[in-house]
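Morning, everyone. Please have the sequence and the 3D view open while I talk. I will go through strands, rings and charges.

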Amino acid sequence: MTTNAQREISVNQFEGIIQSHETVVVKIGEYGCPPCRRYDRMVIELMDEFSGKVEFVCIDGDTIPHGSEESRSFKRAVGPYTGVPYITIFKNGERTEGILGFRDNTELREAINRVLWDSNDKQNN
């Protein structure tokens, strides 16, 4: 599901990752999903562009446990994710953006920039 450049995490690691990095892009996908694979290539490009500013991780949707408290907590955190691929962006541990389905790299880049610029504007005020 992931390439060598992306870090795949488990649901168990999710909370620690979003709390320990200022801005995190989480991609939820599945191995047999062609649009998810297209995101892999796009994310690698964006990783270079946002190096040092954004942490990129992915979660294999097939590994998310169903019905457990861990699963319910994860789904509350990521928002209305009803299918894959799903991209969600966290800033200081809070979900700020969610994109369901495949979008081009311009839309994903704009979403990341909105999160980064919003943070910079608040710091400058």
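Let me begin with one term. A residue is called buried when its relative accessible area is under 20%, exposed when that area is over 50%, and partly exposed in between. Take Glu97 as a test case. Its relative accessibility is 18%, so Glu97 counts as buried. One more point before we go on: this is a predicted model.

Strands next. Look at strand β2, residues 23-29.

Which strands pair with β2? One is β4, residues 86-91. β2 and β4 run antiparallel, joined by 6 bridges. Find Thr23 on your screen. Its bridge partner in β4 is Lys91.

Another partner of β2 is β3, residues 55-60. Here the pairing is parallel, again over 6 bridges. Within this pair, Val26 stands opposite Val57 of β3. How does the chain get from β2 to β3? It crosses through helix α2, residues 34-49. This β-α-β crossover is right-handed.

Stay with α2 for a moment. The helix has 16 residues. From first C-alpha to last, α2 reaches 24 Å. That is close to the 22 Å expected at 1.5 Å a residue. Which residues of α2 are buried? They include Cys36, Tyr39, Asp40 and Met42. Val43, Leu46 and Met47 are buried in α2 too.

Now the rings. The whole structure has 3 aromatic pairs. Phe14 and Phe90 make one of them. Their centres are 5.4 Å apart, with 75 degrees between the planes, and the pair is edge-to-face. Where do these two rings sit in the chain? Phe14 is in helix α1, residues 11-20, and Phe90 is in strand β4.

A second pair is Tyr39 with Phe102. The ring centres are 4.9 Å apart and the planes meet at 50 degrees, so this pair is tilted. Tyr39 lies in α2, while Phe102 lies in the loop between β5 and α4. The pair therefore ties together parts that are 63 residues apart in sequence. Phe102, at 25%, counts as partly exposed.

Phe102 has another neighbour. The charged end of Arg38 sits over the Phe102 ring, 3.9 Å from the ring centre. There is also a cluster to find: Phe14, Phe74 and Phe90 form one aromatic cluster.

Last topic: charges. The structure holds 6 salt bridges. I will show some of them.

Back to Lys91, the partner of Thr23 in β4. Lys91 forms a salt bridge with Glu22, and their closest N and O atoms are 3.1 Å apart. Lys91 belongs to β4 and Glu22 to the loop between α1 and β2, so the pair ties together parts 69 residues apart in sequence. Lys91 counts as buried, at 10% relative accessibility. Glu22 is partly exposed, at 39%.

Now return to Glu97. Which residue does its side chain meet in a salt bridge? Arg114, with 3.0 Å from N to O. Glu97 is in strand β5 and Arg114 in helix α4, 17 residues apart. As we saw, Glu97 is buried at 18%. Arg114 is at 45% and counts as partly exposed.

One more salt bridge joins Arg103 and Glu107, with closest N and O atoms 3.5 Å apart. Arg103 is partly exposed, at 30%. Glu107 is partly exposed too, at 33%.

That is the tour. Thank you.

Notes
Residues numbered from 1 in each chain as written. Predicted model: local features only at pLDDT ≥ 70, side-chain atom pairs only at ≥ 80, totals over all residues. Heavy atoms only, no water. Buried < 20%, exposed > 50% of the residue type's maximum accessible area, 1.4 Å probe, protein only. Helix = DSSP H or I, 4+ residues; strand = E, 2+ residues; numbered from the N terminus. Pairing = 2+ DSSP bridges. Right-handed = clockwise from strand over helix to strand, strands pointing away. Phe/Tyr/Trp six-rings, centres within 6.5 Å; stacked < 30°, edge-to-face > 60°. Lys NZ or Arg CZ within 6 Å of the ring centre and 35° of its normal. Expected span 1.5 Å × (residues − 1). Salt bridge = Lys/Arg side-chain N within 4 Å of Asp/Glu carboxyl O.
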